[in-house]
Amino acid sequence: MSEYIAWFDHLSMNDVGLVGGKNASLGEMINHLSQVGVNVPSGFATTTTAYREFLSANGLVGRINQILAELDVDNINALSTVGRTIRGWILSAAIPDKILHAISQAYDKLVAGNHNHHDISFAVRSSATAEDLSDASFAGQQETLLNVQGLEQIFDAIKIVFASLYNDRAIAYRVHQGFPHEKVYLSAGIQKMVRSDLGASGVMFTLDTESGFREAVFITSAYGLGETIVQGIVNPDEFYVFKRGLAAGHPAILSRRLGTKGIEMVYADKKSTTDSLTLIRDVETARRMQFSLTDAQVEALARQAIIIEQHYGRPMDIEWALDGVDGQLYIVQARPETVESRNPVVLERYKLSSKGTLLAEGRAIGQKIGQGTARLILNTNQMHELEPGDVLITDMTDPDWEPIMKRASAIVTNRGGRTCHAAIIAREMGIPAVVGCGNATALITDGTKVTVSCAEGDTGRIYEGLLPYEHLTANTGNLPDLPVKIMMNVGDPSHAFSISRTPNQGVGLARLEFIINNRIGIHPKALLEFNSLSSDLKNQISRRIAGYSSPVNFYVEKLTEGIATLAAAFYPNPVIVRTSDFKSNEYAGLIGGSRYEPNEENPMIGFRGVSRYLDSTFRSCFELECRALRKVRDDMHLTNIEIMLPFCRTLEEAEQVTALMASHGLIRGQNGLRLIMMCEIPSNALLAEEFLQYFDGFSIGSNDMTQLTLGIDRDSSLVAHLFDERNPAVKKLLKMAIDTCRKQGKYIGICGQGPSDFPDFAIWLYQQGISSLSLNPDSVVDTWLRLSKVES
């Protein structure tokens, strides 16, 4: 280490003032984590002393401070002029000889032993003393140059990095975050390049960025150099990994999402930094349709991420690279996550009251709703057109856009994934954003009134018009203990992490239909008989199952991912998964479904539930559900999953279906497995004692129980006014079921709509001694508090 140069392996987080946050973090990891499995490329950094002497030697300190003191950063034109002026001064300045000499010596040492050192590439990265802090990300504020070769290019790159401290976005961001310009210094990190141009790269977070859920690692990945993900110009693959499972040595990937990965950034042939160091090219179709990482690589990355998080003691935002030459995974940056980790758990929900014409959709960032006038801004020259409260519609953003992003009520981009620049800044500013829409700028007309909803799960939607919505908040305080468990009904796994933050004691109903409909979309029989399908249907299915080894594997893995996500989100609390309860008309709506489904007059009481599972035409499809459930419980060891069977009409069906499940490895009591039966047919309550010979308890389905007790088609508007779970006949049957379960010491819960809709019905069930109430998430806190008053 010298006055002007510091080697990464001599640095730690105590050296932020010397080499900035990014370089100090690299040194910290090399020094403390390399021996426990974290792989960081070697290199050195210029010190902040070198930066200050560079400015001083060229007479720039006073000139820079004076011009910035007179600047109004909210004046876009003035900001642009001042930034361009300062950068010009720095780029035309000379690096003092003593600093050049120190850099040259360090470079010679770094390339020593490499015979073809002129072919070695370096990344030259900015590292400011005010960045990568726990309360401000400074994401992408300064420059990174990739594929820099030779000493002369490194000198040029260092000046470009120094100048980038005065990019327009960096100047504005410091002002908005309250950091004085003259107190922020820059270091340039010179690091051997990982050959991810021949492999893949991405970003990972040690929590879920949308909900703050701490038990998962979220990983994004695309081919080539990582700038495409950071800049938001590629839609990457996405993975979630369960930390507990990984620590225990179990398969731990909760979900996989195949990104389009249409482009990749690779090395360009060049002679100097005035030429392009990298180029962007299209990715061939075959590679787009494959995941850019193997499962083993995903889990290996997650292990490194967890080690880094444990060392720093806080959630982390990490950039990684897969070297296509040596096949190794490397960590190239690590910084504190700055948004969800600093937000307290506030129970806040946004909910659309109605829906309008859908204009576009993409990846939801945040969980809020924003609305206003759509303003198409396609380049920075149009920034002045965005008024406060407008919805920003653009192809993509980069850090140059930050001065205007804070004006927007919502942000919509054609490109980008959940770790791109637009997503990071939108989260930090608390603005809803929908990224990766594909063609939002073509679908949304400038000046249109729009509503941007990120409150519908993983998918963000842009609707025409200013739609009414609710903003719900709940003060959970210290919720009192109750003798009844308050559980939740959850369908879509993409909601699971956020909903799990609501006070709960588990999930009383997780519906497989949501996973089949939203994540699979194909009739299971069509996947089992894929080879016999028409070419058109095969092509349609092939596009959906891309990335998976076979049609059947796709079905089983997608079910597994959905179930595992629900299990992890609420672990160790029980999650009761109901096997599929589609009716024939609903199954017919899936791709290929019309080939296999009967046309029933009244499918509500037709070919559904256990009768379907036992039928020879569907038995092989039910086996796929059993395979997924067994994989989650036995392979991933998420044994908080319990299984519930719907619409079991007779004792004979109960006997047969439990035997069928046992033949597929799902045996009552084995590995703690509980089998629950939906109590939703009058015969279930009337023969409760007999049915309980085959099951570990009941979960009341009040919707079907009501329609079958009162003879009401619950989908008919003509008799809808007669549908009421509180009818004395219905309550009499429910009491029979509750009393029988209590007598036998078995589980008795309810997962129907009634307790969520009618507070008095919830109180009645509570008074009957029901074991659990499974409610819609938005009614949990109110019901909990209401029941506590009854108890007191």
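## Ground rules

Two strands count as paired if DSSP finds at least two bridges between them. Strands (E, at least two residues) and helices (H or I, at least four) are DSSP runs, numbered from the N terminus. The model is a predicted one, where local features need pLDDT of at least 70, side-chain atom pairs count only at pLDDT 80 or more, and totals for chains, interfaces and linings use all residues. Residue numbers start from 1 along each chain as its sequence is written, and side-chain values use heavy atoms, leaving out hydrogens and water.

## The S12–S13 hairpin

Start with strand S12 (residues 316–322), which pairs with S13 in the antiparallel sense over seven bridges. Met316 has Pro336 in S13 as its bridge partner. Six residues sit between the two strands of this hairpin, and Gly327 takes a positive phi near 75°.

As for S13 itself (residues 329–336), eight of its eight residues are buried, meaning under 20% relative accessible area with a 1.4 Å probe, protein chains only.

## The five-stranded sheet

Now for an open sheet: its five strands run in the order S1-S2-S5-S3-S4, with antiparallel pairing. Strand S1 (5–7) and strand S4 (144–148) are at the edges with a single partner strand each, so one side of each has no neighbour in the sheet. From one strand to the next, the twist averages 20°.

S1 and strand S2 (residues 43–46) pair over three bridges, and Ile5 stands opposite Thr46 in S2.

## A helix on top

Helix H1 (residues 16–32) lies across S1, S2, strand S3 (122–128) and strand S5 (186–192), and runs at about 125° to S3. Contact means heavy atoms within 4.5 Å; axes are lines fitted to C-alpha atoms, for helices over the stretch in contact, with angles from 0 to 180 degrees between N-to-C directions.

How values were computed:
Buried < 20%, exposed > 50% of the residue type's maximum accessible area, 1.4 Å probe, protein only.
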